[in-house]
Amino acid sequence: MSRKNIYQIISEQKVDPTDAFERIKFYLFSKKYWDNSFYEITVYQFIEQFIFSRMPIRESFTGLIDLIEGVGIINVKEKYVRDFDDVFTISEIILCAINSSPKDYFGKGGKVQADLYYDILYAIKSIVKNTGHKIVKMPYGEIIVTEDAVRDQAIWLSQDEEMSLALLEYTHYANSGNIEAKASILTKLGKIIEPRLENTHSTSTADVVKYLLNSFHLRHNNQSGKWSKEYIKNMNDTEREEWLDKLYNSIIHLIIEDEQKAINSEVVEFRKNNH
């Protein structure tokens, strides 16, 4: 058997959350860079001194460490992580800091060298890519969501900003297991696509979407009262999340199907006039 080259070996390596977190912490707290006054500075020190006050997520936090610990990553410098939630959370905080940094702070005439963020940003992008996620720009900042070609096709076809943002938010890493957040997003999507659900026929994707919206404690209170459903009362969280995910996927396919219907109509008209 022939030896694998280094590029093959690297591409086949799986990302470990502990290693990923340690790598980000190294570039944030430990690696030193030169500022433009020939003093050494870390990315953390630069953000703390010059950028934190500009970050839109700073709220009432007193500094970068306070912010990181305030969102649940306690004792960040010594923390040992076992999953990617903390990796993605600290990555989004760093992305916010990078995007809040004035361009004239870097390079000639600025405060630090132009490549201060290069290493940490490269590390974040590599981790995100190699875990099947991607960074997307939202109106409020950059977030990390799962890589999903079908969802992205639906977003491109929808040409609706509110719908696109909701479709992306649903797949944010922090919403995995968060039933209430997913239900809220699906309710919002249901209102947006309401016109698509009129005059549906049985077994169509639109009918499936309409049924799930009306029967899974989203549009109506299906746990008690007039719209009560026994299966909702007896359903555990794992089962309910699976059904919410099925509804989400059905909405995506409905968007794609509607575009295909429009294409079909155009083809029929074209053939009629060009036979």
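Let's say that two residues are in contact when they have heavy atoms within 4.5 Å of each other. With that settled, F61 touches F52, D66, L67 and G70, leaving aside residues up to four places away in sequence. This is a predicted model, so to speak of local features we need pLDDT of at least 70, side-chain atom pairs count only at pLDDT 80 or more, and totals for chains, interfaces and linings use all residues. Residues are numbered from 1 along each chain as its sequence is written, and side-chain values use heavy atoms, with hydrogens and water left out.

Back to F61: look for F61 in the loop between α3 and α4, where helices (H or I, at least four residues) and strands (E, at least two) are DSSP runs numbered from the N terminus. F61 is partly exposed, at 26% relative accessible area; buried means under 20%, exposed over 50% and partly exposed in between, using a 1.4 Å probe and protein chains only. E59 sits in that loop between α3 and α4 too, and at 62% relative accessibility E59 counts as exposed. The phi of E59 is positive, near 45 degrees. F38, in the loop between β1 and β2, also has a positive phi, near 65 degrees, and is exposed at 69%. Most residues other than glycine have a negative phi.

Now for the inside. A nonpolar core here is a set of buried Ala, Val, Leu, Ile, Met, Phe, Trp, Tyr and Cys residues joined through side-chain atoms within 4.5 Å. The largest one has 41 residues, and L28, F46, I47, M55, I90 and Y117 have the most contacts inside it. Helices α2, α3, α4, α5 and α6 each supply at least two residues of this core, with α5 giving the most, 8 residues. L28 touches, among others, V43, I47, I90 and I120, again not counting residues up to four places away in sequence. Apart from this core lies another, of 36 residues, including I143, L157, A183 and Y248.

Follow α6 next. This helix covers residues 118-130 and reaches 18 Å from its first C-alpha to its last, close to the expected 18 Å; the expected span is 1.5 Å times one less than the number of residues. Its buried residues include I120, A123, I124 and I127, and the buried residues of α6 pack against α2, β1, α5, β3 and β4. After α6 comes G132, with a positive phi near 75 degrees.

From there, look at β3 and β4, which a hairpin joins through 2 residues. The two strands pair in the antiparallel sense over 6 bridges, where pairing takes at least two DSSP bridges between strands. V136 has I143 in β4 as its bridge partner.
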